[in-house]
Amino acid sequence: MEAQFEALSELAKSGEKLNFGQDFFVKFYQAFLYSDRWQQYIKGVGTTLLVTAIALVLGVLLGAIVAMIRVGHAQQKPHHRNPILGVLNAVCKVYVTVIRGTPMMVQLLIMSMVIFASSRNFTMVGALALGINSGAYVSEIIRGGLMAVDPGQMEAGRSLGLNYMTTMFEIIIPQAIRSILPSLGNEFIMLLKDSSLITVIGGKELLYAAQGIMNRTYEAMFPLLGVAAVYLVLVMLFSALLAKFERRLAQSDRR
Amino acid sequence: MIDVKGLKKNYGGLQVLKGVDLTINKGDCVVLVGPSGCGKSTFLRCLNRLEEPDGGHIIFNGKEVTDHDIDHVRQKMGMVFQHFNLFPHLTVKKNITLAPVRLGLMKQPEADAKAMELLERIGLADKADTYPNMLSGGQKQRIAIVRALAMNPDVLLFDEPTSALDPEMVGEVLELMKELARGGMTMVCVTHEMGFAREVANRIIFIDEGVVKVDKPPKEFFANPENERLKAFLSKVL
């Protein structure tokens with residue numbers, strides 16, 4: 001196959017016109033197989049998954065903290081508001097508003113060129129920016145889940161003498177998780193796709209690998225279609241896993 | 001045991017409780033009745049501060065109930081809700097033992113034994129390891145009562161405990177409440193069950209227009225209602 005590729009590219013260089021089949025073969029070969037380029041895609045996929053995982057963990061952590069603060073603030077009694085919680089709540093509100101109100105791409109560029117302008121680790125800066133972005137959306141998912149638990153559950157816990165935090169962790173959160181987890185799965189899929197954006201700041205994930213090959217071969221179609229196919233397969237895979245997981249959750253609901 | 005003085009509660013501009021004075025003694029079974037919206041449930045929920053009172057004092061076992069030690073007060077002041085509010089993600093036994101164990105009042109084995117003993121008493125021992133979804137309304141409410149009892153409370157507050165039940169389930173819950181009252185448990189009940197009030201209560205309180213209008217033993221309460229509002233109310237519910 002390699003010999004055939006060499007022969008055909010020699011032919012093309014000499015000005016000969018290749019037929020459709022030959023042209024297809026040469027472009028496909030140089031996009032994926034020439035000097036083991038497929039390894040670059042594999043490495044890219046690895047980074048993409050790593051970035052997504054880091055962003056998700058960061059997003060869930062941030063989101064959980066923000067959601068707890070905002071719910072805790074909302075559930076205070078009217079005359080006994082805690083000033084520290086009030087300040088934290090205001091900070092959280094600003095965070096959610098700013099992150100949800102500005103484009104992801106702009107946030108990425110600000111992170112890499114303003115805040116971490118001196119860092120060379122573009123991939124991790126990208127993961128950080130993605131995580132901070134995701135945190136705002138996750139906080140709303142978690143907040144919605146916590147608010148959806150019947151208020152009677154909090155009253156029942158408190159009326160037994162359990163304090164707010166214990167009731168939250170023993171009674172409210174375990175019930176909220178059922179409604180939160182499916183949405184978190186969707187957030188994971190969104191993140192997986194959004195991670196391709198960190199290419200613009202030089203994060204070395206899947207799309208970055210494709211672009212490198214495009215720059216060397218002056219040929220865009222195969223690398224881009226290949227990348228699209230990889231994303232599609234990954235998303236379909238995770239969607240199927242999620243659907244399975246959701247069915248499980250629904251089953252245990254019916255006990 | 002509970003001394004309420006001048007309890008006030010507003011919702012926005014609406015004054016629901018306009019200064020309620022009431023003393024509940026040890027061993028009392030007090031039933032609160034009144035037209036809907038008169039504030040009986042609000043009064044009950046103010047006792048353990050699920051609602052924040054806007055004025056007045058609540059003295060429980062000689063000490064003023066404040067926000068500061070409310071969790072301690074609530075350990076001794078059990079509450080039973082209209083909608084049971086069992087914890088759906090925990091088994092029946094765990095529902096009962098969660099609070100005593102988490103609050104360090106009992107070790108898990110000790111709490112389990114106590115839960116089983118209580119479940120035995122209400123004939124639901126076989127349900128110990130099932131989840132609340134599997135139970136009928138009456139069973140749920142009886143377990144909710146047992147959950148409150150597991151804390152060894154000094155007083156139990158009942159907020160319309162039979163209002164969300166199918167008619168054929170009301171009896172079993174009332175039966176358990178009667179048994180508790182006869183056993184000397186101090187109880188404060190908001191209920192529409194006049195039969196229960198007549199039979200079990202030692203005092204019936206009529207709340208109207210945000211104040212206590214009548215406070216009498218059941219016989220007098222039903223036999224000669226002097227208050228005009230009470231007459232009108234009784235003519236509707238009896």
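**Across the interface**

Guide: Across the interface of chain B and chain A, three salt bridges turn up. Keep in mind that this is a predicted model.

Visitor: Which side chains meet in a salt bridge at 2.4 Å, N to O?
Guide: That's E170(A) with R102(B). As background, side chains of opposite charge can pair when their charged atoms come close.

Visitor: And how many residues does the contact take from each chain?
Guide: Chain B gives 29 residues and chain A gives 22 residues.

Visitor: What about the area buried between chain B and chain A?
Guide: About 2,300 Å², with 55% of that coming from carbon and sulfur atoms. The size of an interface is often given that way, as the accessible area lost when the parts come together.

Visitor: Zooming out, how many salt bridges are there over all chains?
Guide: A search of the whole structure finds 24.

Visitor: Let's stay with those. What does R49(B) pair with?
Guide: R49(B) meets E52(B) in a salt bridge, 3.3 Å from N to O.

Visitor: Is R49(B) buried or exposed?
Guide: Buried: its relative accessibility is 13%, and the cut-off for buried is under 20%. E52(B) is buried too, with a relative accessible area of 7%.

Visitor: OK, next one. What does E179(B) form a salt bridge with?
Guide: With R121(B), where the closest N and O atoms are 3.5 Å apart. E179(B) sits in helix α6 (residues 167-182) of chain B and R121(B) in helix α4 (residues 108-121) of chain B, so the pair ties together parts that are 58 residues apart in sequence.

Visitor: Where do they stand on accessibility, starting with E179(B)?
Guide: E179(B) counts as partly exposed at 40% relative accessibility. R121(B) is partly exposed as well, with a relative accessible area of 48%.

Visitor: What about E228(B), what does its side chain meet?
Guide: The side chain of K231(B), in a salt bridge at 3.5 Å, N to O. E228(B) and K231(B) are three residues apart in helix α9 (residues 228-237) of chain B, so about one helical turn separates them. E228(B) is exposed, with a relative accessible area of 56%, while K231(B) is partly exposed at 38%.

Visitor: Over in chain A, which residues are linked in a network of salt bridges?
Guide: R70(A), R100(A), E140(A) and R143(A).

Visitor: Switching topic. What makes the nonpolar surface patch?
Guide: The patch covers about 760 Å², and its residues are M105(A), V106(A), L109(A), I110(A), M113(A), V114(A), I115(A), F116(A) and V200(A). One of them, V114(A), is found in helix α5 (residues 104-115) of chain A. V114(A) is exposed, with a relative accessible area of 58%.

Visitor: And I84(A), where does that lie?
Guide: I84(A) is in helix α4 (residues 83-101) of chain A. It is exposed, with a relative accessible area of 59%. From I84(A) to H73(A), eleven residues apart along the chain, the C-alpha atoms are separated by 9.7 Å.

Visitor: What about phi of E209(B)?
Guide: Near 50°, again a positive value in a residue other than glycine. Look for E209(B) in the loop between β9 (203-208) and β10 (211-216) of chain B. E209(B) is partly exposed, with a relative accessible area of 42%.

Visitor: One more residue: where is K63(B)?
Guide: In strand β5 (residues 63-64) of chain B. K63(B) counts as exposed at 57% relative accessibility. The C-alpha atoms of K63(B) and L124(B) are separated by 37 Å, with the two residues 61 apart along the chain.

Definitions and conventions: Residues are numbered from 1 along each chain as its sequence is written. Chains are lettered from A and ligands numbered from 1 in the order in which they are written. This is a predicted model: local features need pLDDT of at least 70, side-chain atom pairs count only at pLDDT 80 or more; totals for chains, interfaces and linings use all residues. Side-chain values use heavy atoms; hydrogens and water are left out. Helices (H or I, at least four residues) and strands (E, at least two) are DSSP runs, numbered from the N terminus. Buried means under 20% relative accessible area, exposed over 50%, partly exposed in between (1.4 Å probe, protein chains only). Patches are made of residues with over 30% relative accessible area and no salt bridge: like charges are joined within 9 Å, nonpolar side chains (Val, Leu, Ile, Met, Phe, Trp, Tyr) within 5 Å. Accessible areas come from the Shrake-Rupley method with a 1.4 Å probe; for residues, only the protein chains shown count as cover. A salt bridge is a side-chain nitrogen of Lys or Arg within 4 Å of a carboxyl oxygen of Asp or Glu. Contact means heavy atoms within 4.5 Å. Buried area is the accessible area (1.4 Å probe) that two parts lose on being put together, summed over both.
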